[in-house]
Amino acid sequence: MSQVEEGEGAHVNGRPSDEGWGPYPLVLAGAALGVLVLFLVDAEWGGFALGAVLLVAAAVRFAGYGGALAVRAKGVDVWTMAVLGAALVVTALFLEYPELKAQILALFGR
């Protein structure tokens with residue numbers, strides 16, 4: 001028997017879910033836009049946009065509006081999306097501004 005019974009709505013972990021898709025379509029549209037910018041306009045700013053979308057998704061999941069974003073435990077979802085998003089943002093900034101990378105490395109004595 002599937003988790004979704006006719007007329008009962010979606011179930012998450014055995015409990016009925018009132019959220020449905022939640023913010024998932026917004027995050028998906030932002031990710032698609034980031035990938036388009038990455039391929040068609042500029043790789044640095046596309047990576048930055050994609051990272052920013054992941055950070056927004058982490059914040060939305062942390063706030064409790066999981067919907068279809070809720071795949072694992074809340075903490076795992078938030079940390080995974082936040083770390084990957086921050087890594088993309090920092091990498092995009094380093095690619096766009098090499099002098100920023102040099103300043104950061106100078107702070108660590110390199």
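This is a short chat about a predicted model of one protein chain.

Biologist: What should I know about the model before we start?

Modeller: It is predicted, so local features need pLDDT of at least 70, side-chain atom pairs count only at pLDDT 80 or more, and totals for chains, interfaces and linings use all residues. Residues are numbered from 1 along each chain as its sequence is written, and side-chain values use heavy atoms, with hydrogens and water left out.

Biologist: How many helices and strands does the chain have?

Modeller: There are 4 helices and 2 strands. Along the sequence the pattern reads β-β-α-α-α-α. Helices (H or I, at least four residues) and strands (E, at least two) are DSSP runs, numbered from the N terminus.

Biologist: What share of the residues is buried?

Modeller: Buried residues make up 21% of the 110 in the chain. Buried means under 20% relative accessible area, exposed means over 50%, and partly exposed is in between (1.4 Å probe, protein chains only).

Biologist: And the surface, what does that come to?

Modeller: The accessible surface is about 7700 Å². Carbon and sulfur atoms account for 69% of that. The areas come from the Shrake-Rupley method with a 1.4 Å probe; for residues, only the protein chains shown count as cover.

Biologist: New topic. How many salt bridges does a search of the whole structure find?

Modeller: The search finds 1 salt bridge. D77 pairs with R61, and their closest N and O atoms are 3.0 Å apart. The cut-off is a side-chain nitrogen of Lys or Arg within 4 Å of a carboxyl oxygen of Asp or Glu.

Biologist: Where do those two sit?

Modeller: D77 is in helix α3 (residues 74-96) and R61 is in helix α2 (residues 43-62). They are 16 residues apart, and the pair links distant parts of the chain.

Biologist: Is D77 buried or exposed?

Modeller: D77 counts as buried, because its relative accessibility is 1%. R61 is buried too, at 9%.

Biologist: Okay, rings now. How many aromatic pairs does the structure hold?

Modeller: It holds 1 aromatic pair. The partners are W45 and F48, with ring centres 5.3 Å apart and planes at 70°, so the pair is edge-to-face. Rings of Phe, Tyr and Trp (its six-membered ring) pair if their centres lie within 6.5 Å; planes under 30 degrees apart count as stacked, over 60 as edge-to-face and the rest as tilted.

Biologist: Which helix holds W45 and F48?

Modeller: Both lie in helix α2. They are 3 residues apart, about one turn of the helix. W45 is partly exposed at 34%, and F48 is partly exposed at 28%.

Biologist: Which ring does the charged end of K74 sit over?

Modeller: That is the ring of F62, with the charged end 5.7 Å from its centre. The rule asks for NZ of Lys or CZ of Arg within 6 Å of the ring centre and within 35 degrees of the ring normal.

Biologist: Back to the surface. Which residues form the nonpolar patch?

Modeller: V35, L36, F39, L40 and V41 form it, with about 570 Å² of accessible area together. Patches are made of residues with over 30% relative accessible area and no salt bridge: like charges are joined within 9 Å, nonpolar side chains (Val, Leu, Ile, Met, Phe, Trp, Tyr) within 5 Å. V35 is in helix α1 (residues 24-40), and its relative accessible area is 33%.

Biologist: What is E44 in contact with, beyond its neighbours within four places in sequence?

Modeller: E44 is in contact with A92, L95 and E96. Contact means heavy atoms within 4.5 Å. E44 and A92 are 48 residues apart along the chain, yet their C-alpha atoms are separated by 4.7 Å.
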